[in-house]
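Colleague: Could you walk me through how to read a helix and its surface in a model such as this one?

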Amino acid sequence: MSIRSANNSDSEETRIGDSPRDSALEVAASLDPFVPFTEIEEHSGRIITVRAAAVGILCGVLVNASNIYIGLRAGWTTSANVLGAIVSFAVLKRSSSTFGPHENNIAQTLATASGGMSNVFISGIPALYQLNLLTTPAKDFFRLVILATMGGYFGLLSIAPLRKFFINTASRELNLVFPSSFATAATIRSMHSAAGGEKLAQRKMKWTIVAFFAAMALRIASMFLPNNWHVFDWIAQARLSTAITKFAFVAESWGWVIEWSPAMIGSGFLVDFNVSSSFFAGAIFAWGFLGPYLVSIGSAFGEPSDSANPPRRISYTAMSTKFSSSDHPSPRYWLLWPGVACTLAVAFLELLCQSKTIWKFLLTLTKKMSQSLINLVQTPQPRYEPIEQETPVISEKRQDLKELTLQMWLPGLVCVVLSAIVILRIQFKMPVFEAVVALAMSFCLMLVAIQATGATDTTPINAITKVSQVALGSITRSTGATVEAAQRLNLVGASLTNIGACQGCDLMGDFRVGFLLGTPVHLQYIAQLIGTLVASLVAPAIFLLFTTAYPCIISGDASSCDFPAPTVASWRAVAVVASTPNPSIPSSSIYFSISIAIFSGVLVIAKHVLCNNGYGWIKTVWPNMMIFGLAFTLPNAQTPTTMMIGSLIAAFWKSRNAKGFEVYAFGVAAGLVAGEGIGGTINCALSILGLI
């Protein structure tokens, strides 16, 4: 799963001046979220500039590298929307008095588009290699670039004609606020409209830079100096008593180590406390109770570890053939299936509980499209339709934002679809029918993802990709394909869904920012085209860099790997189950998987029932079973523990200095996440060069 849903809560509170009541979101809260900001001046001059492109693309590349690093360790990615807005303002505003909100929006759009497509490289693509369905990232680099390009441009070109529907026509009816995008627009608005906006942005940027370089230095230094606290090993060496020493030795073997990861601490700043506590609770249950219990009753088995610093004589994270069978599973293999079952149950039930909203969305979309076709046939359609009647009239010039024409997206979409069908057949041996189905599912599920993101700020990437995997698995099984072919088609098709949905959601959110600021649509669209091309080249290159330095990412050996890649395990498991007639899964794991899936489903339904009956506050304390289940797919509890520490630090900071937290927390968190990601990328390069 990609916790884009949690990390899309990138919406910070950008203050205007020195009064906390003047935060951008507090001011924006008094505005109609479906009406453009009227005080933003109309654009003049060029807004797609070399400086905006350079800063925006640089932000996107940094976020892309950070996302692949963090995603391979924790299983989620973040958007570059707010970070791109703040960094571009802080860098460019001082150098030019002509730098305005529209150019700021273009830089932010380039950052978001350039920072996309990383999600598939922490999930579907590594799963293909772990199942030996591709050769090596170096030999397959061209294929990976082509797959990313196809998925990215299919996502962009297919949602481009629906921009007006999602942003203008049905946004109020379907409550498509796009909260993170609204916050990004409010941030840009506040920085350009406030007297102290530039000074405030500079202060934020200062703390972001400090956090960035500190995290980067710590990550690079970790290759030479230990940055983990083996607390239980220290307790064991103290020899306090036989019982305490034995307990400490076992806890150390199960991976209860405090890893001082700036990125995970920063992630703890960004996500809701409910998310981090659910993640930590899942780790405690899986790796502090259930795993040791399984070993004690002989249902799972460990193996001697060759780790020498500090000594851990038993490893419970093996995923080799010897420890991936129904008769002799490792704890990680046994726990993998309940984790996948839990996340699948929650994903499907969350979609089911929103079925009324989705059905309303589909009916509205069909109605609007039918009416547009009727108008097109009966009478010449006006070039630009007015905004909804309930929105105030702004100005004819302001409404004329050069809406996207048919020629701007249709020829490109046709070329992408035809090329995809041919390339999928040649490069991935995907039959034409399956390729068409994969693209159709990518489009349909992308619509669901955009609707969910717009209404709840939650992108259900895990849900829609699993829908795609299960559906494609059913199709390939019915055609009598081999297990290898079925797994390849399963993962490649779902990867297309992943890329299209991620890029489509990000870029529709950018359209929302542009709508609120009054940025010309066609110029923002050009920026998206450029950024998508950058991402399709950068994401595979960064993935190649990481897998060259750390081959364990694609070999699946988690026992000695710095990157546990939890979402990869989930994708691989679903592909195996969907394509293998009798997968080797322990019967006890199957029964427990069914039980936890039912329990999780009951909690999801109960949450929706309570929220629909006036108990909306329950969301803040209700356990997040999707994240709870994700902890089962990790090989240890280090990541959830560090993330929980970050959330506790954030809570303490907010309780002691709410004003400072509102202003600087996001910048510090973004710097920590990006800094460690870039530091990890530098370590990859140094490792490849043989310098470390």
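Colleague: Which residues of α25 are buried?

Modeller: Buried means under 20% relative accessible area. In α25 the buried positions are S589, S593, I596, A597, S600, G601, L603, V604, K607, H608 and C611, and for the protein as a whole, 60% of the 692 residues count as buried.

Colleague: Is I590 buried, exposed or partly exposed, and why?

Modeller: I590, which lies in helix α25 (residues 587-611), counts as partly exposed because its relative accessibility is 36%. Together with Y591, I594, I598 and V602, I590 makes a nonpolar surface patch of about 500 Å², on a protein that exposes about 27,300 Å², with carbon and sulfur atoms supplying 65% of that area.

Colleague: Where does pLDDT stay under 50, and how many contacts beyond four places in sequence does the model have there?

Modeller: Where pLDDT is low, the predicted coordinates should not be read in detail. Here pLDDT stays under 50 over residues 1-29, for which the model has 97 contacts beyond four places in sequence, and also over residues 383-400, with 29 such contacts. The mean pLDDT of the protein is 80, and 84% of its residues reach 70 or more.

Note on methods: Residues numbered from 1 in each chain as written. Predicted model: local features only at pLDDT ≥ 70, side-chain atom pairs only at ≥ 80, totals over all residues. Heavy atoms only, no water. Patch = residues over 30% accessible without salt bridge, like charges linked within 9 Å, V, L, I, M, F, W, Y side chains within 5 Å. Areas by Shrake-Rupley, 256 points an atom, 1.4 Å probe, with all protein chains shown as cover. Salt bridge = Lys/Arg side-chain N within 4 Å of Asp/Glu carboxyl O. Helix = DSSP H or I, 4+ residues; strand = E, 2+ residues; numbered from the N terminus. Buried < 20%, exposed > 50% of the residue type's maximum accessible area, 1.4 Å probe, protein only. pLDDT = per-residue confidence, 0-100. Contact = heavy atoms within 4.5 Å.
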